[in-house]
Structures are given as C-alpha cells and as structure tokens.
Amino acid sequence: MSIVLGQLTIGEVLPAVSVHLDRAALVRYAGASGDFNPIHWNARVATAVGLPDVIAHGMLTMAQAVTVVTRWTGDPADVLEYGVRFTRPVVVADPDGAELEISAMVGALDADARTARIDITATFDGKTVLGKARAVVRCR
C-alpha cells in the first residue's frame, strides 16, 4: 500500500499495535544483535545493578515501535528516517512478559519532499518508554 500525501491530514491516527515481549524474545534478539548484556536475560544481575527485573533491549523496543508505521505503509522501505529517545525501560517479567502498546499519528506533512512525519507513542504499563519517536515516510 502506498501512502498518498493528498489523502493525509495532520492528526490522523494510525491503527494501533500491541506487541508482547517475553524472555524468549529477548534471548532471540540478543542472538541476532550480539548484545548479550545480562541485564536483558538474568534477573539476578539486573536487580544487582538496581533494575526492577530484566529489561528489554532499547533497540528491540525501538524496532517494535516502528511496526505501527511499517504495517500502515505496507513497505518498510517507505520509512526514510526514524529516531527515538529512550526514556524508560521495558521490564520483562517472567513468565508473563510485557505488553508494549504502540500508537501513532500524522505529525506533519511536507508537500515539497512528498513525506509525512509520523509521531509514535510507545507505552509499557501505562507509561511512555520512548520520547520524540518520529518516523518520516515517503508518500506518493
């Protein structure tokens, strides 16, 4: 699906996405990324450094958050820019895991560049975990 610039309005809400993260997902991500920091899989180490429990990798959280945009565009290649600030960890309890709630809306339109800025909100346990999460997507 291509996004048509003339059919978008600022403030338009994208379909929300919910992502479940569990310890198995963290282990798979560690293997794929090479980030085996034990705070992402060992509760004893995580609590010893002051964390409430094992936390999700920030880059995993970031990657999951942009799915609200890629599902909407239908093509990850339409995402031209993407950035976030990490504001709060996602605690992944065992065995229940964590639910990441992701929403987004059209934040700005650029007719000259034929792009739309999408503002993303990712929350865990009712609190925002990413700040200034924004993606710029190509429009036709």
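**Stop 1: the annotated span.** Keep in mind that this is a predicted model. Select residues 12–104. The unreviewed UniProt entry places the feature "domain: MaoC-like" here. The span is 34% helix and 22% strand.

**Stop 2: helix 1.** Select residues 23–33, which form helix 1. Which residues of this helix are buried? Colour Arg-23, Ala-25, Leu-26 and Ala-30: these are buried. They share one side of helix 1, because they cover an arc of only 155° around the axis. Turn to the other side of the helix, where Arg-28 and Ala-32 are exposed. Next, show strand 1 (17–21) and helix 3. The buried residues of helix 1 pack against both of these elements. Step past the end of the helix to Gly-34, which follows it and has a positive phi, near 85°.

**Stop 3: His-57.** Move to the loop between helix 2 (43–48) and helix 3 (58–65), and select His-57 there. Is His-57 buried or exposed? Its relative accessibility is 1%, so His-57 counts as buried. Show its surroundings. Beyond the neighbours within four places in sequence, His-57 is in contact with Leu-26, Tyr-29, Ala-30, Asp-35 and His-40. Of these contacts, Leu-26 and Ala-30 are among the buried residues of helix 1. Then draw a distance to Asp-35: its backbone oxygen lies 3.2 Å from a polar atom of the His-57 side chain.

Stop 4: Time to look at charges. Side chains of opposite charge can pair when their charged atoms come close. How many salt bridges does a search of the whole structure find? The search finds four. Start with the side chains of Arg-23 and Asp-53, which meet in a salt bridge at 2.8 Å, N to O. This pair links distant parts of the chain, 30 residues apart: Arg-23 is in helix 1, and Asp-53 is in the loop between helix 2 and helix 3. Both residues are buried.

**Stop 5: Asp-78 and Arg-138.** Select this pair next. Asp-78 forms a salt bridge with Arg-138, and their closest N and O atoms are 3.4 Å apart. Here too the pair links distant parts of the chain, 60 residues apart. Asp-78 sits in the loop between helix 4 (67–73) and strand 2, while Arg-138 is in strand 6 (residues 130–138). Asp-78 is buried, with a relative accessible area of 11%. Arg-138 counts as partly exposed, at 38% relative accessibility.

Stop 6: Asp-119 lies in strand 4 (residues 115–124) and Arg-134 in strand 6, so the pair ties together parts that are 15 residues apart in sequence. Arg-134 counts as partly exposed, at 39% relative accessibility.

**Stop 7: Asp-96.** End at the loop between strand 2 (79–86) and strand 3 (98–110), where Asp-96 lies. Asp-96 counts as exposed, at 62% relative accessibility. Asp-96 and Leu-21 are 75 residues apart along the chain, and their C-alpha atoms are separated by 8.9 Å.

Notes:
Residues are numbered from 1 along each chain as its sequence is written. This is a predicted model: local features need pLDDT of at least 70, side-chain atom pairs count only at pLDDT 80 or more; totals for chains, interfaces and linings use all residues. Side-chain values use heavy atoms; hydrogens and water are left out. Helices (H or I, at least four residues) and strands (E, at least two) are DSSP runs, numbered from the N terminus. Buried means under 20% relative accessible area, exposed over 50%, partly exposed in between (1.4 Å probe, protein chains only). A polar contact is a pair of N or O atoms within 3.5 Å; within protein, one must be able to donate a hydrogen and the other to accept it, and residues adjacent in sequence count only if both atoms are side-chain atoms. Contact means heavy atoms within 4.5 Å. The arc is that of the directions from the helix axis to the C-beta atoms. UniProt positions are given in the numbering used here, feature names are shortened, and annotations may be inferred rather than shown by experiment.
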